[in-house]
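Keep the viewer open as you read.

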Amino acid sequence: MELLKQKIREVGVILSDEVIKLDAILNHAVDPALTTAMGREFARLYRDENVTKILTIESSGIPIAFAAAQELNVPLVFARRKKSLNTETETYCERVPSFTKGIVTDIMVSKEFLDEKDRVVLIDDFIANGDAARGLIRIIRRSGAVLLGLGIAVEKSFQAGGRTIRESGVRVESLVKIASLAGGEIRFE
């Protein structure tokens with residue numbers, strides 16, 4: 001997706017050979033026009049799959065997932081990272097490490113919002129090692145829902161997440177693939 005590549009070139013801040021900061025468009029602020037365009041592209045990619053639900057993880061994936069859900073006219077469900085006093089007791093839960101945060105967290109989806117009647121597309125902002133995505137895939141499978149595939153805004157293809165999930169037989173559609181951040185330079189596939 002050329003528009004996303006252009007925005008990454010404009011606002012991306014390379015923090016290391018493995019980390020790029022995209023706060024201005026994905027992780028702290030939202031570019032509505034770009035987010036809408038990403039949602040439309042994911043909807044185009046999955047339109048013929050009879051999607052019944054979009055699933056993401058809080059919080060950076062929510063705007064893109066919302067745009068795709070709106071375009072497909074289906075509900076959006078997001079996995080929560082923290083329990084609160086009113087957290088549903090009947091949940092699917094997985095413990096996953098976060099590459100960028102450097103911590104392990106629990107992700108939860110209420111059984112009320114995901115079941116065997118669903119045909120799900122998982123949408124997220126980034127995939128690096130793929131741990132969060134694999135946790136959500138396990139939740140989808142435990143619910144009995146059909147996983148149609150993943151929609152990833154930015155795949156860091158120099159890390160194994162997207163590749164290993166594809167190798168497991170899951171469809172992964174990435175809008176942009178970053179091949180390298182070495183030497184402080186963004187190189188796209």
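Start at Glu-41, which is partly exposed at 23% relative accessible area (buried means under 20%, exposed over 50%, and partly exposed in between, with a 1.4 Å probe and protein chains only). Before going on, a word on ground rules: this is a predicted model, where local features need pLDDT of at least 70 and side-chain atom pairs count only at pLDDT 80 or more, while totals for chains, interfaces and linings use all residues. Residues are numbered from 1 along each chain as its sequence is written, and side-chain values use heavy atoms, with hydrogens and water left out.

So who does Glu-41 pair up with? It forms a salt bridge with Arg-44, with the closest N and O atoms 2.6 Å apart; a salt bridge here is a side-chain nitrogen of Lys or Arg within 4 Å of a carboxyl oxygen of Asp or Glu. Arg-44 itself is exposed, at 51% relative accessibility. Helices and strands, by the way, are DSSP runs numbered from the N terminus: H or I with at least four residues for helices, E with at least two for strands.

While you're in helix α3, have a look at Thr-35. Thr-35 is buried, with a relative accessible area of 6%. Not counting residues up to four places away in sequence, Thr-35 touches Val-30, Pro-63, Ile-64 and Ala-67, where contact means heavy atoms within 4.5 Å.

Now hop over to helix α5 (residues 131–143), where Arg-134 and Asp-131 also sit three residues apart, about one turn of the helix. They form a salt bridge, the closest N and O atoms being 3.2 Å apart. Arg-134 is partly exposed at 28%, and Asp-131 is partly exposed at 23%. Other positions in α5 are buried, among them Ala-132, Leu-136, Ile-137 and Ile-140. How does the length of α5 check out? At 1.5 Å a residue, its 13 residues should span 18 Å, and the end C-alpha atoms are 19 Å apart, which agrees; the expected span is 1.5 Å times one less than the number of residues. Just after α5, Gly-144 takes a positive phi of about 90°.

The next pair is Arg-166 and Glu-155, a salt bridge with its closest N and O atoms 2.8 Å apart. This one links distant parts of the chain: Arg-166 is in helix α6 (residues 161–167) and Glu-155 is in strand β8 (residues 146–156), 11 residues apart. Elsewhere, salt bridges that share partners join Arg-40, Arg-47 and Glu-71 into one network. Across the whole structure, the search finds 17 salt bridges.

Finally, the record. An unreviewed UniProt entry lists Asn-27 and Lys-156 under "binding site"; UniProt positions are given in the numbering used here, feature names are shortened, and annotations may be inferred rather than shown by experiment. Asn-27 lies in helix α2 (residues 23–27) and is partly exposed at 29%. Leaving aside neighbours within four places in sequence, its contacts include Ser-60, Asp-125 and Phe-126. Lys-156 is found in strand β8, and Lys-156 is buried, with a relative accessible area of 3%.
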